[in-house]
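Work through the following exercises with the sequence and the model side by side. Each one sets a task and then gives a solution in steps.

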Amino acid sequence: MTSIPGGGYSQNNISSSFHQIQLRFVAFLLSLSPPSDLSWRRFLDLGSGAESDSQEVCTTDFAMNPFSSGTRLRDMIRSIRACKTAAEERAVVRKECAAIRTSISENETDYRHRNLAKLMFIHMLGYPTHFGQMECLKLIASSGFPEKRIGYLGLMLLLDERQEVLMLVTNSLKQDLNHSNQYIIGLALCALGNICSAEMARDLAPEVEKLLNTRDPNIKKKAALCSIRIIRKVPDLSENFMYPAASLLKEKHHGVLISAVQLCADLCKASKDALEHIRKNCTDVLVKILRDVSNSSYAPEYDISGITDPFLQIRVLRLMRILGRGDPDASESMNDILAQVATKTEGNKNAGNAILYECVETIMGIEATSGLRVLAINILGRFLSNRDNNIRYVALNILMRAISVDAQAVQRHRTTILECVKDSDASIRKRALELLFLLVNDTNAKPLTKELVDYLEVSDPDFKEDLTAKICSIVEKFSQEKIWYLDHMFKVLSLAGSYVKDDVWHALIVSISNAPDLQGYSVRTLYRALISSLEQESLVRVAVWCIGEYGEMLVNNINALEIEEPITVTESDAIDIIETALKRYSDDITTRAMCLVSLLKLSSRFPPTSQRVKEIVTQHKGNVELELQQRSIEFSSIIQRHSNIKSTLLERMPVIDEASYLTKRSAGSDAKSTSSPFEKQTIKIPNGVAKPPAGAAPLADLLDLGSDETPAVGNGSNNAPDFLHDLLGIDLSSSPPSGGAAPAQSTDILMDLLSIGSSSPVQNGPPPSSAFPSITKSTVSDSKPAPAPVLDLLDGLSSSFPSNTSPPTEEKKTEIPPITAFQSGNLKINFTFKKQTEKPQVTTIHATFTNLSSDTLTNFVFQAAVPKFVQLHLNPASGNSITAGGSVTQSLTVTNTLHGQKPLAMRIRMSYKVNNEDKLEQGQISNFPTGL
């Protein structure tokens with residue numbers, strides 16, 4: 001087939017190629033009988049030149065009716081090939097099939113063989129031929145060899161083991177297996193080996209077993225192959241073939257040996273008893289076979305590229321691998337011959353490489369000696385230097401498994417494996433990278449990381465994602481010094497920041513926040529990288545966050561290291577770079593939102609820039625994205641009208657416990673299990689951070705942040721860290737009110753303070769695009785509003801009663817002691833609880849807000865946040881003003897979906913006015929009674 005200038009193939013060439021296939025099929029039919037069998041040639045009417053009387057009759061019939069059942073196969077093929085369209089071809093096939101049906105219905109025995117030959121050709125074209133299945137059985141039942149041969153051929157092509165018709169041929173097969181003609185026995189064995197069903201296997205297994213002991217090597221070979229099919233269909237019959245299979249291994253004929261070895265392999269897989277029998281009686285025989293073949297002189301009938309019968313050697317090696325696995329005694333008897341094959345086999349031809357590959361597989365699969373394994377790994381090292389990509393790929397695959405056996409021997413080929421990472425073939429690059437990742441340890445992590453980072457700069461874009469992920473994993477797992485970790489992560493962000501996953505740069509931010517001595521160095525390094533390029537998305541996000549948090553360190557060169565180059569950055573420069581990033585990423589909501597938060601924080605760090613920041617933020621008041629629009633409006637309000645609380649809101653983020661965060665992150669990664677099956681599953685805390693003692697129970701699951709997997713620590717401490725969204729720059733901690741005991745406070749997750757993540761006043765769960773927990777907000781008014789719908793917060797009870805009615809009161813209640821949830825100088829909150837016995841996960845909380853001050857509290861608003869596994873529904877409060885000494889009430893319904901597994905937790909915030917002065921109080925409730 002020759003290509004045409006357009007890059008494809010011409011229609012004539014395709015037709016010619018198909019014609020060649022058809023001619024090969026015809027030639028195959030001709031080869032089915034001995035050349036002297038002239039009657040067989042008359043059946044097909046494909047003789048080379050001699051025209052018999054029957055052929056003359058057929059020619060006359062053809063002239064009378066070109067589509068009669070007597071049409072010769074050659075003429076039908078010619079008619080089909082002459083068709084110019086698919087419709088014409090279908091018409092020819094349809095007419096020919098109709099003629100064949102007529103012949104079948106009239107029981108024309110003279111043309112039965114020819115009809116079946118034509119049906120097989122029609123079957124090759126893809127047309128249905130089921131109506132000719134019975135003709136196969138009739139030909140098989142005939143006495144002549146030619147009829148049987150084409151009948152069996154049709155049986156194998158037109159039927160399969162699922163056909164019910166096949167049951168009718170069992171008796172004919174049994175008779176032919178006991179026939180005196182070896183060729184007919186061979187036909188029956190071939191057919192049985194191709195279409196044998198479980199029922200046929202049980203019926204005919206004794207005949208096949210008997211044929212394994214015949215003298216004819218061809219019959220033995222076919223019987224062994226047929227036995228394989230029987231064992232696969234009915235494993236219970238394995239014990240019938242154990243002893244005959246073992247005796248076949250003593251044959252000299254290579255065809256019989258290959259079949260016998262494969263039969264033994266299938267017996268070992270099907271039955272433990274057969275495995276023990278063959279292991280005990282055949283191991284030494286296999287060693288002798290392999291030694292004789294590998295040491296034999298040149299034999300033309302078995303020689304391939306100078307190797308004597310590589311197919312037999314490969315089969316023997318595979319069986320030895322099965323026998324030696326888990327058995328030291330059998331493995332010991334194989335060691336010498338395996339070493340001989342591994343050292344003597346030439347590796348400059350494919351046949352030799354195939355034997356070496358199987359030899360290595362066998363050595364790694366049995367209980368071989370350490371020296372033999374080193375020899376096998378060295379062979380794989382030579383494979384890695386081969387120019388053939390296929391050989392290198394299989395070598396990398398075996399080396400990945402060999403690491404668990406002898407990692408030190410694989411380490412010797414680390415340089416060659418590193419070169420494979422830079423290969424032009426994508427599959428080799430990926431496999432070599434996975435293998436190299438497994439080879440990294442504490443001693444070679446730094447040089448390997450340097451090589452990989454250098455290659456990252458010039459690697460193909462398609463490969464950058466995998467390469468970046470592996471580099472980040474290596475840096476996180478094997479970093480001994482914090483500055484080394486930061487330098488390499490900054491380099492990766494600068495080269496391939498767009499390919500860095502979110503959890504990686506989240507962890508980097510956590511690491512920076514835990515390194516106070518390197519925060520100035522980090523923000524200055526990131527600023528330089530940001531000045532050089534704004535193309536890498538993750539780099540921009542980390543840099544913007546650091547500038548917002550540590551902007552004063554950037555401007556004032558605080559904590560400068562000796563290795564740093566001096567840099568001069570003004571307050572205006574810091575605003576400029578964030579404004580540039582804000583404009584550059586106009587389509588990325590997350591980056592723009594982080595830029596707005598960073599600008600807001602810089603307005604607190606650098607008061608002279610407040611007006612400019614306000615102008616930049618105000619530009620987004622009309623943004624089509626509700627998230628950005630909401631941030632813009634609220635940030636402008638904070639800058640303009642809430643300067644009294646701005647410094648508290650925009651404090652630097654508290655430090656998140658790095659060990660707890662990384663442990664939670666690793667646990668989440670293991671649950672999702674997206675890594676390679678070869679990767680180590682151990683959790684290692686990087687940067688020399690030790691795990692906290694088991695007794696220290698940080699509030700890791702308080703918010704169950706899912707994708708962020710970020711723990712919080714501390715309980716009621718001002719320095720307790722918030723979660724990953726707080727790393728974006730939201731600090732909601734406030735100083736305790738004067739005149740009373742300070743409540744248990746922590747950095748809150750009440751993102752609704754800035755209306756982040758929700759545009760509606762009441763929300764039952766986190767928005768799809770946000771990883772933040774839900775914030776439920778109650779806006780109260782003087783008039784009592786209509787009751788809110790229950791939705792699904794009560795586990796589907798809303799379907800039991802209308803939305804404008806409250807659920808019926810349960811008679812059985814569980815008594816739970818009340819608690820004082822919060823108390824300050826101005827306000828006291830008491831919680832009482834009611835539970836339904838039938839629904840232990842549902843709790844109704846009745847909150848009473850008492851004014852402890854001498855002034856009236858106006859515009860009172862209560863807000864609450866709960867973990868993701870808790871559903872919260874707030875009913876309207878009884879009022880929004882609390883007189884001195886007075887109180888208002890409000891009910892809450894919480895549903896703990898992990899009742900009995902995780903305790904209830906809640907964070908609250910109260911805002912109100914006292915003498916027209918805004919007040920904000922917040923706290924964390926951690927003293928809920930057990931059982932909620």
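**Exercise 1: Two helices in contact**

Task: Find which residues of α8 meet which residues of α10, and decide whether the two helices are roughly parallel or roughly antiparallel to each other.

Solution: On the side of α8, the residues in the contact are F145, K148, R149, Y152, L155 and M156, and they meet Y183, I184, L187, A188, C190, A191, N194 and I195 in α10. Sorted by class, this contact consists of eleven nonpolar, one polar and two charged residues. The next step is the geometry, for which it should be kept in mind that the model is a predicted one. Helix α8 covers residues 145–158 and helix α10 covers residues 182–195, and they pack with their axes 10 Å apart at an angle of about 10°. Angles under 35 degrees count as roughly parallel, and α8 and α10 are therefore roughly parallel to each other.

**Exercise 2: The nonpolar cores**

Task: State how many residues the largest nonpolar core has, and which helix gives the largest share of this core.

Solution: The largest nonpolar core has 214 residues, and L155 and I547 are those with the most contacts inside it. Its largest share comes from helix α29 (residues 537–556), which supplies twelve residues. Turning to I547, and leaving out residues up to four places away in sequence, one finds that I547 touches V523, Y527, L530, L554, A574, I577, I578, S598 and L602. There is also a second, separate core of 33 residues, which includes F860, L872, V894 and F928. As general background, nonpolar side chains in soluble globular proteins tend to be buried together.

**Exercise 3: The span of a helix**

Task: Compare the reach of helix α25 with the span expected at 1.5 Å a residue, and list which of the residues in α25 are buried.

Solution: Helix α25 runs over residues 461–478 and has 18 residues. From its first C-alpha to its last, α25 reaches 26 Å, which is close to the expected 26 Å. The buried residues in α25 are F463, K464, L467, T468, K470, I471, C472, I474, V475, E476 and F478.

**Exercise 4: Buried or partly exposed?**

Task: Decide for S238 and for R318 whether each is buried or partly exposed, and name what each one touches beyond four places in sequence.

Solution: S238 is placed in helix α13 (residues 238–248). Buried means under 20% relative accessible area, so S238, at 1% relative accessibility, counts as buried. Apart from its neighbours within four places, S238 is in contact with I231, L267, A270 and S271.

R318 is found in helix α16 (residues 310–324), and with a relative accessible area of 36% R318 is partly exposed. Beyond four places in sequence, R318 touches E358 and T362. The C-alpha atom of R318 is separated by 9.8 Å from that of G365, although these residues are 47 apart along the chain.

**Exercise 5: Positive phi in loops**

Task: Say where S305 and N915 lie, and how accessible S305 and N915 are.

Solution: Most residues other than glycine have a negative phi. S305, however, has a positive phi near 55°, and N915, which is not a glycine, has a positive phi of about 55°. S305 lies in the loop between β1 (303–304) and β2 (307–308) and, at 47% relative accessibility, counts as partly exposed. N915 is in the loop between β10 (906–914) and β11 (917–925) and, at 59% relative accessibility, counts as exposed.

Conventions:
Residues are numbered from 1 along each chain as its sequence is written. This is a predicted model: local features need pLDDT of at least 70, side-chain atom pairs count only at pLDDT 80 or more; totals for chains, interfaces and linings use all residues. Side-chain values use heavy atoms; hydrogens and water are left out. A nonpolar core is a set of buried Ala, Val, Leu, Ile, Met, Phe, Trp, Tyr and Cys residues joined through side-chain atoms within 4.5 Å. Buried means under 20% relative accessible area, exposed over 50%, partly exposed in between (1.4 Å probe, protein chains only). Helices (H or I, at least four residues) and strands (E, at least two) are DSSP runs, numbered from the N terminus. Contact means heavy atoms within 4.5 Å. The expected span of a helix is 1.5 Å times one less than its number of residues. Axes are lines fitted to C-alpha atoms, for helices over the stretch in contact, and angles run from 0 to 180 degrees between N-to-C directions. Angles under 35 degrees count as roughly parallel, over 145 as roughly antiparallel, 65 to 115 as roughly perpendicular and the rest as oblique. Ala, Val, Leu, Ile, Met, Phe, Trp, Tyr, Cys and Pro count as nonpolar, Asp, Glu, Lys and Arg as charged, and the others, Gly among them, as polar.
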